[in-house]
Amino acid sequence: MSSLQVILEALPILLQGVLITLKLAVISLCIAFVIGLIAGLMNTSNNKILRGAATFYVDLIRGTPLLVQIFFIYLGLPALLDIRISAELGGIAALSLNAGAYIAEVVRGGIISIDKGQVEASRSLGLSRFMTMRLVILPQALRRMIPAFVNQFIISLKDTSLLSVIGIRELTQNGEIIISANFRSFEIWGVVGVLYFVIIYILTRLFRLLERRFN
Amino acid sequence: MDFANAFSIDNLRFILEGFYMTLKVAFISIILSFVLGCIVGTIRYTKIPVLSPVLGILVEILRNLPLLLIIFFARFALPDIGIQLGPVYAAIVALTLFEGAMISEIVRSGLNSIDKGQIEAARSSGLSYISTLWHIVLPQGLRRMVPPLVSQFISLLKDTSLAVVISLPELMNQSKIVIGQSYNYVIPVLLLAAFLYFAVNYALSLIARRLETKFI
């Protein structure tokens, strides 16, 4: 078979993988955003216990490889708690927890970047701490965080490839399956690479357009 | 869970051998990717015609691909064009290329952060372009790059775990093999692996913090 035939034959299955990859990335990042926002807010609070818990979570996740986290959730938790988790659920959980820690740091950085004087001003105008955070700090901080979120989304999208090790049929796993049938690793890995590149390139362009709209 | 049997002498030695392999591959890749990143970053900074844009495209491609794919490619696709690499070399080549691309961007932005006025001043004081780069821009730029560089090295160390897919006998691979012996070993072995990664990374980030206060 010529290279072109090999590629054309593989393309439908690979494109299915692209859809799964995108789905995993979007779901994980949405969950990670919530986790990261909570952990980031905990990290900037005055309560020592909350701050300690958030720091522990962030340091733990950032200090260990994502692969270890995936194995821990997919293989370790079922062994510990005697439950069964589907590969997809385990993968999404691991990816969300991982991205959540990085987003927590982004959120913390964003909140810190807002001038302290604004907090003092709104507090002395009679807003509660919660209202100050919600109405004054977060709207400005979140806008500053947008580029970092986009960055994290792209990193998470690339990280979905690691979920192939627990058998989720995303783009990389589908590539592996095809290669194990036809042994054409050069063509297939080449196409998989092009697909990842194209997705990420389009997304970066799209996000840059949106950013310009926002600011 | 069975900590006692999971951490038998044989298992521990097996896992620690993997840890040694992880450190070795990470160390070599850190040095090579640093050298590569510095060269590519400087060339892109100096805007040499043809060479700089071509390197720019290559860096963009590498940065936008998942590392896992680059590792697969180095091990399984390169033989198709006549380059046969064992797991160790494939891992080092893949890590060096990917992290080198990342580091080149750090280097480039570090150099760009140096005020243009300094370069103009040095040039009008009679320094050649190369001496300006060597004596004025690089020493200051490198200092500013220390924090992002260390965090990139930490990522690299964690990324060596991906070489498990090409059966490089590093920490993750050995841990997986031990886990394969018994269902009761899953938690203890994963905890040990996580602890080992964490310990090295934490030490690295502490060193980084020391360097930051010393240099900047």
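From the N terminus on, the elements of chain B run α-α-α-α-α-α-α-α-α. The model is predicted: local features need pLDDT of at least 70, side-chain atom pairs count only at pLDDT 80 or more, and totals for chains, interfaces and linings use all residues. Residues are numbered from 1 along each chain as its sequence is written, while chains are lettered from A and ligands numbered from 1 in the order in which they are written.

## Exercise 1

Determine how many helices and strands chain B and chain A have.

*Solution.* Helices (H or I, at least four residues) and strands (E, at least two) are DSSP runs, numbered from the N terminus. In chain B there are nine helices and zero strands. In chain A the count is eight helices and zero strands, in the order α-α-α-α-α-α-α-α.

## Exercise 2

Describe the extent and burial of each chain.

*Solution.* Begin with the C-alpha atoms along the principal axes. Those of chain B fill a box of roughly 70 × 45 × 20 Å, and the trace of chain A spans about 75 × 45 × 20 Å. Next, apply the burial rule: a residue is buried if 20 or more other C-beta atoms lie within 10 Å of its own, exposed if 12 or fewer, and partly exposed in between, with C-beta atoms placed from the backbone. By this rule, 43% of the 216 residues of chain B are buried, and buried residues form 39% of the 215 residues in chain A.

## Exercise 3

Characterise the side of chain B that touches chain A.

*Solution.* Two residues are in contact if their C-beta atoms, placed from the backbone, lie within 7 Å. The contact takes 29 residues from chain B and 25 residues from chain A. On the side of chain B, the elements that give two or more residues are α4 (67–77), α8 (171–179) and α9 (186–215). Of these, α9(B) gives the most, with nine residues. For the classes, Ala, Val, Leu, Ile, Met, Phe, Trp, Tyr, Cys and Pro count as nonpolar, Asp, Glu, Lys and Arg as charged, and the others, Gly among them, as polar. This side of chain B accordingly has 24 nonpolar, three polar and two charged residues.

## Exercise 4

Classify the packing of α2(A) with α4(A).

*Solution.* Axes are lines fitted to C-alpha atoms, for helices over the stretch in contact, and angles run from 0 to 180 degrees between N-to-C directions. The axes of α2 (residues 48–63) and α4 (residues 87–113) of chain A come within 9 Å and cross at roughly 120°. Angles under 35 degrees count as roughly parallel, over 145 as roughly antiparallel, 65 to 115 as roughly perpendicular and the rest as oblique. Therefore α2(A) and α4(A) are oblique to each other. Their crossing is left-handed (the near helix is turned anticlockwise from the far one by less than a right angle; clockwise would be right-handed). Contact residues include A:Y57 and A:R62 of α2(A) and A:N98 and A:E105 of α4(A). By class, the contact has seven nonpolar, one polar and two charged residues.

## Exercise 5

Classify the packing of α1(A) with α7(A).

*Solution.* The axes of α1 (residues 3–44) and α7 (residues 171–182) of chain A come within 7 Å and cross at roughly 155°. This angle makes α1(A) roughly antiparallel to α7(A). The crossing is right-handed. Among the contact residues are A:G17 and A:T21 of α1(A) and A:N174 and A:G175 of α7(A). The contact divides into seven nonpolar, seven polar and no charged residues.
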